[in-house]
Amino acid sequence: MVPLCSAVVDVVIQDYVADVASELIYQNMSQTSGEVLFVFPLGPHMAIYSFQAHSEEARVQAMLQDEAQQLHEATGGWDDLEYLQEESWQWGEVFVCFLGTLSPGRQMVVTLRYVQELPRDPDGAARFELPGTLHPHTISFPCSCLTDKPTYSLLLTASLQSPRGVAHVQANFSLTPLVYTAQDHSTARVSMAGSAPSDQDLELLVYFGEPAAVSAVVEKGDPEAPPGSLLGDPMVVVTLAPSIPEAVPGKHQSGEFIFLLDTTFLEHTQDSLLFLLKSLPLGCYFNIYCYEETSVGIYPQSVEYSQDSLTEAMRRIPSTGSSLGDTSLLGTLRSVYSIPRPCGHTRQLFIFMAGPPPDKEAIAAEVCRHRNSHRCFFFCFSEDSAALAMTLARETGGEATYVSSDNSMTVLVLRCLKRALEPAAEGVSLSWALPHGLEVEVLGGTPESIFRGQHSLLYAQIRGQAQDPTVAKGVLTLQYSLDGQDVTRTIEVLLCPQGDGRMETSQVRPQPMLPEAVSGSGDEPRRRAVEISLASGIICPFTSYVGVRTPQKATWHRGPLALLPPRQSLTRCQILELRGSQGGTSCYLRTVWVPPGWLTAVQQTQLALRRLTHSIMTLPWQGAGSKGMGQSNCNPSPPISALDHVSCMDFRMASPHLGFWIDKAFAECQELVALQNADGSWALSSRLASVLEVDEAKIKGKMPGEVTEPSIWATVLAVTWLHRPEKSYPELCELLEAKAVTWLCSQAVSQLEKCLEAANGLLGSSVEPSVFRL
């Protein structure tokens with residue numbers, strides 16, 4: 001490892017966008033030369049727009065180029081980074097650049113600049129986390145050549161800006177006093193005090209003035225860009241953060257929930273689908289599509305959730321996959337998008353993918369085209385499909401989950417459903433009132449819904465020339481519906497560009513437009529995407545980073561007509577999608593050094609091992625948990641290597657106790673859940689008595705005389721049974737129970753206390769009245 005000697009980090013945080021400029025100095029402390037590889041994990045909504053490194057020998061600069069694949073083929077040797085992609089513990093995208101050879105005692109200076117949309121905490125704070133590469137307190141890289149972390153210095157300063165004013169800051173490290181640089185407290189500055197803690201991530205929380213449903217900041221365009229261009233016009237950064245109260249558990253709720261099931265893996269999703277459907281609230285709409293079989297849903301369009309529609313849906317779902325057709329996920333998505341969603345109901349898709357789809361680029365384009373009208377929750381049973389799932393979930397504001405076995409899948413999908421049931425501001429719209437001569441174009445469109453706990457950043461271009469330059473204000477109006485009530489919020493927008501000259505949004509503004517360009521057809525969308533990418537420095541699917549290496553001490557050589565500058569060469573510089581072969585454990589990748597030729601040696605060794613083990617015929621893995629992800633990865637056809645078998649076994653056995661308890665609780669609850677009605681109640685029946693392991697006649701005999709409806713008594717018994725002392729995993733039935741208790745409270749509040757007392761006596765339990773909201 002090349003030790004990090006010092007790091008200087010300057011952060012500009014403007015509402016919920018951070019622009020980070022860093023300078024890192026590494027020094028080779030060993031007695032031998034080594035090749036240097038810089039690795040930087042890319043967090044959510046992060047984009048690098050400037051990277052260069054220099055030593056006494058050479059300077060390397062990352063540049064965006066069109067037709068990157070041709071450049072890869074021209075330079076050769078790009079594939080020797082494959083080992084990092086295949087074997088890393090990191091999950092997600094990383095920026096990788098080969099910096100060349102560093103002599104003993106020499107330094108390497110790395111300059112890195114990136115922008116990132118910051119997450120918003122529930123209390124409204126903007127949360128900034130310093131990447132581990134800039135604060136390497138944890139070493140977790142799969143390389144035997146690493147040494148202990150050396151001492152290094154870190155200088156961190158942060159400039160804070162917001163039209164609402166900067167209220168205060170918090171951090172998990174020492175800070176200097178907050179210094180305001182504007183009388184209205186709209187700008188401030190703070191720095192790290194003392195040395196950085198060596199055992200934790202560095203987090204900074206920035207609290208702005210009075211929380212607002214909408215705020216806006218105007219920034220000037222790039223003075224070097226022509227007026228009227230994407231980067232030349234002023235930009236408005238709009239933050240939409242409606243105040244949304246918590247959901248009331250189990251109540252009637254709007255929303256459209258569409259489940260897309262891969263029929264090649266249908267038998268492993270049956271049980272999870274049962275819990276999902278039973279957990280849906282009354283008042284919502286739902287539908288089910290089984291792709292790879294047909295692109296037509298269980299219903300022609302989403303239907304209102306009721307006992308009849310639920311029973312019919314469960315009857316129509318096929319138990320196993322079918323080869324009657326070959327409709328892909330793409331065709332199914334197009335069928336879904338072609339049907340308008342029910343008015344007033346936010347659309348959310350739950351997509352189960354057994355493996356990577358063959359047309360993933362087209363799928364990504366289709367989802368991006370509709371990203372403002374829905375959220376996607378993905379459940380992947382294959383590592384190969386995880387990258388696509390994460391990208392699309394991030395694009396739509398949803399979530400992607402990797403399912404390692406079908407034992408845990410039900411818990412995972414119910415966690416996502418719980419998040420999907422959060423209330424939302426619906427029918428979101430923006431209107432602008434600007435001085436004559438000016439107009440606004442929102443890049444990427446406006447989301448139709450914003451869910452509780454989320455916020456949305458919009459980028460809008462101000463075009464034209466004001467007829468009256470003395471008018472420096474505009475009016476922005478946000479409208480949305482919350483729990484059936486229309487809400488309107490209006491603010492004034494200062495049209496005079498603000499900021500200290502750092503072009504924060506100039507680097508972010510192309511991003512909302514790139515998905516639209518990629519999703520189009522013909523050459524024009526591609527040309528526009530490339531133009532935007534090259535002008536802004538933000539990578540797109542049609543461009544790629546290329547490292548340009550220039551010798552520092554090279555002499556100018558004489559050409560035919562004049563002196564020519566030093567010759568440049570290309571070096572490896574890529575964004576890689578790491579696959580998290582060790583279970584996706586989060587870690588920090590840093591600049592490392594390796595002996596000359598080591599990268600190529602690693603690749604050749606791994607290729608030889610794969611060829612050697614590919615011919616080894618092994619028996620299919622038959623251990624516990626062999627279904628689900630284990631079966632998908634460990635027993636494909638044709639057989640795979642013994643090394644892959646070991647990897648799969650280790651992954652499954654990482655949490656054996658958790659898997660055991662989930663499996664036990666699932667088996668105990670499944671039959672009870674199957675008997676629950678759509679409204680949350682249970683009917684008093686012999687099947688319920690069998691699940692409760694109590695004689696039906698005894699159940700009827702213990703029913704309190706005050707009870708007028710047997711289903712009330714049956715529902716109290718079912719909820720009480722779920723809370724028996726040996727119950728082991730509440731997440732399985734949390735939503736189901738909330739719906740049941742809500743139904744009970746609406747039917748028989750006066751009877752609940754007597755029912756609970758009788759149920760505790762019958763089942764030998766001691767459930768507290770608070771469970772029934774008493």
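**View 1. Antiparallel pairing of strands S5 and S28.** In this predicted model, strand S5 pairs with strand S28 (residues 543-551) in the antiparallel sense over nine bridges; two strands pair if DSSP finds at least two bridges between them. Val60 has Arg549 in S28 as its bridge partner. Strands (E, at least two residues) and helices (H or I, at least four) are DSSP runs, numbered from the N terminus. Residues are numbered from 1 along each chain as its sequence is written, and side-chain values use heavy atoms, with hydrogens and water left out. Because the model is predicted, local features need pLDDT of at least 70 and side-chain atom pairs count only at pLDDT 80 or more, while totals for chains, interfaces and linings use all residues.

**View 2. The hairpin between strands S4 and S5.** Strand S4 (residues 46-54) and strand S5 (residues 58-66) run antiparallel and are joined by three bridges. A hairpin of three residues links S4 to S5. Opposite His54 stands Arg59 in S5.

**View 3. The crossing of helices H18 and H20.** The axes of H18 (residues 710-722) and H20 (residues 749-763) come within 9 Å and cross at roughly 55°; axes are lines fitted to C-alpha atoms, for helices over the stretch in contact, and angles run from 0 to 180 degrees between N-to-C directions. H18 and H20 are therefore oblique to each other (angles under 35 degrees count as roughly parallel, over 145 as roughly antiparallel, 65 to 115 as roughly perpendicular and the rest as oblique).

**View 4. Residues in contact between H18 and H20.** Contact means heavy atoms within 4.5 Å. Residues of H18, including Trp713, Leu717 and Trp721, meet residues of H20, among them Leu752, Cys755 and Leu763.
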